[in-house]
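Dear colleague,

I am passing on a structure for you to look at, with some notes on how its parts pack against one another. Please read the notes next to the coordinates.

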Amino acid sequence: MTATLDEAGVPGTAGDRTVVGANLSLPLFRTLSGVLAGHPYLKIVVDRAERTWHLLDTRVHPFHVDYIATRVLGLTMAELDADLDAFNASVYMAPERRFLLGVLSLHAEQEPDGTERPFLVLETTEADTMQGPLLEEFYSYVRERVDGRLPLLLKPANHGQEQELTAIGEARVPRVLSHELFGNRTRTCLNPGEAEGRLRHFRTAAEYEAAAAELGWSDIVAMPRLPDDVPRVAGFINTAPITPLSHTNVLASGWGIPNAVVRDLDTLLRDSGLDGPDGLDGAWVRYRVREDSVTLEPLPGRPELTRPAWHQQRIRIGTPLLRQAPVLALDRLRRTDRDSYGTKAANLGELHHVLDSRTADLTAFYGRPRPPRPHLLGHLGARLGEPGSSAEELRAAAAAYVAATVRAPRGVALPFHLHHLFLTSSPALQQGIGKLKMALELEAFDLVDPLCLNLQHLVGCTPMPDEVASAITGAVPELLAGGSRMVARSSSNAEDLPGFSAAGIYDSVTTVRGAEQLLAAVRQVWASLLSPRSVRLRHQAGISLDDTYMGVIVQEYVPAALGGVLVTCDPTRREDFRNVYVNCTPGSPERVVDGTVLPQQYLYNTVEGGGRTVDVGSTGEDLPSPTRLALARLALTGRLLQSHFGADDPDDALDIEWLMTDQGAFHLVQIRPYAR
């Protein structure tokens, strides 16, 4: 017989349909469940002491621990909050715990005849440390009480549980990994938001290129993979998988526009009534992207749209310092040098200082209040292997941890002064820049692109003053003498700014050998400041051409066995203070951000610990366990660096490009604020 909470003698709440002790049928599941990421789900609590289980009404009980504390153990919320971390440890981490907490979610598998076969998936929270025997007990208990016609699979919630299950046969505990369950998700939120505009659906790159010149602020662009040079529009739709850390999604985040993967766009449009006689291209729609849903709704006729806020947005940048400034080694720069060498170089110089001096406070993120917790310093102590340490001891341990985990790149920074000397050495360049400024002031945009292209050509062929050329080649004599491969990276004062990330719009050159190629690479980086796209984007943001200069970083090339990007948040759940999102692929980190491959993707919990695989990407296989453990150290390092490099406060997320050598050493290539 089904026993309700009131019947079981536990205080109930009006409208609470929570059930205790009943077997679970599909109708009962649907009665109690909520919906998350498009799938019905139900929270469950197994009470090992009472040998029963609780099926929670998700509308009344959104949190397991609140329910257990107040409805089973009779605590008040104040009593729970006063000792929340210890209570969490007792239910998620204690080997001999009383309660087993989990979630059942309902999925469907496509049969060969086109019908769908429902099945259930059981999982714990991501921080749960259940060992193999407890996972098997949990699965067996639930299996006995769920309708036998419904297949039940266990989904390990983290890498630790995956490892524990290797000793248990799949016949005893059938399982599915997260990337197997969600890797082919039809719709995925990349950047949440809402926009109204005209849908432009391009099935091929050629179709897009033919229409690119006419795209404007009111368009929502849909295509398999948006190019990095996409203009500033109202929204993005990718009809093929892409990572949230691609250049285009960094732009979407910085611009505050919705972006999603919608692999079934044709179906979505048909269901929305948008596949009319004029085809899929040109419909006026309301486009909403949420963590758990992506929708398109038709708008009647051509609506009166309000110009987006960025039309009035004006980004402030510091006045560039063009006076005589030397070429400096990166380890001699500090963050305050950005007005002479650019943001990227200054941040790398600051990284050298953090690693070498070990005086920066890298614990500030954990010291912030996280109600009802006064801070997370106890969790930090556990992550660093220093439980019970004082605040001063934690600061020292955090600094040592970061210094032992990552390295800052060696190299030199070329100042804005050299760029300025080069530009002012040529009357033709000065005249061309004057014409471009006039065209921008008059909004003669039909002239902007040809003027930019002509200026880029002039930068490539104008003789370089001896003073400038000798300063560049004299900066890296050992690399030139040894024939080493070098990298030239952009470092402008018009990038990595709040509201203007400039991700992917300036050039870097990674195949430089010898003095001639070095000078050509510096020219190419300088010229990228005058590309039609970069000029247009800066103009839209109110950044004056007069105020924009380019520094250049020159480094020895470091071969990468693995490369990628991490951001110190979950890009689709920015309020999540626990997780760091890591993307990687064999080789250079550029392959992750330019979208040429779909990377392996991981989430690492930097509060309670643990990591999980989100997607195995184009490789089709997960990384070995030792490499995943190394990435967990990298993720925690990124979180600690966030305390120092956060743009305004320790909660401001970072975007970090990194590479790992064959020897397993991590090198950080770039640190910047994650687009907000």
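Helix α12 (residues 343-357) lies across β17 and β27 (666-673), and it runs at about 125° to β27. Helices (H or I, at least four residues) and strands (E, at least two) are DSSP runs, numbered from the N terminus, while axes are lines fitted to C-alpha atoms, for helices over the stretch in contact, with angles running from 0 to 180 degrees between N-to-C directions. Helix α24 (residues 625-645) also packs on the sheet, touching β17, β22 (562-567), β23 (579-586), β24, β25, β26 (654-660) and β27, and its direction makes about 145° with that of β26. Contact here means heavy atoms within 4.5 Å.

This is a predicted model, in which local features need pLDDT of at least 70 and side-chain atom pairs count only at pLDDT 80 or more, whereas totals for chains, interfaces and linings use all residues. Residues are numbered from 1 along each chain as its sequence is written, and side-chain values use heavy atoms, with hydrogens and water left out.

The sheet itself is open and has seven strands in the order β17-β27-β26-β22-β23-β24-β25, with mixed pairing; two strands pair if DSSP finds at least two bridges between them. Its edge strands are β17 (406-407) and β25 (611-615), each of which pairs on one side only. Strand β24 (residues 600-605) pairs with β25 in the antiparallel sense over four bridges, and Tyr602 stands opposite Thr613 in β25.

Turning to helix pairs, the axes of α19 (residues 466-473) and α21 (residues 514-528) come within 10 Å and cross at roughly 110°. The two are therefore roughly perpendicular to each other (angles under 35 degrees count as roughly parallel, over 145 as roughly antiparallel, 65 to 115 as roughly perpendicular and the rest as oblique). In their contact, Val468, Ala469, Ile472 and Thr473 of α19 meet Ala515, Leu518, Leu519, Val522 and Trp526 of α21.

The axes of α18 (residues 445-461) and α22 (residues 532-540) come within 9 Å and cross at roughly 130°, and these helices are therefore oblique to each other. On the α18 side, Phe445, Val448, Asp449, Cys452, Leu453 and Gln456 meet Pro532, Val535, Arg536 and His539 in α22.

Best wishes
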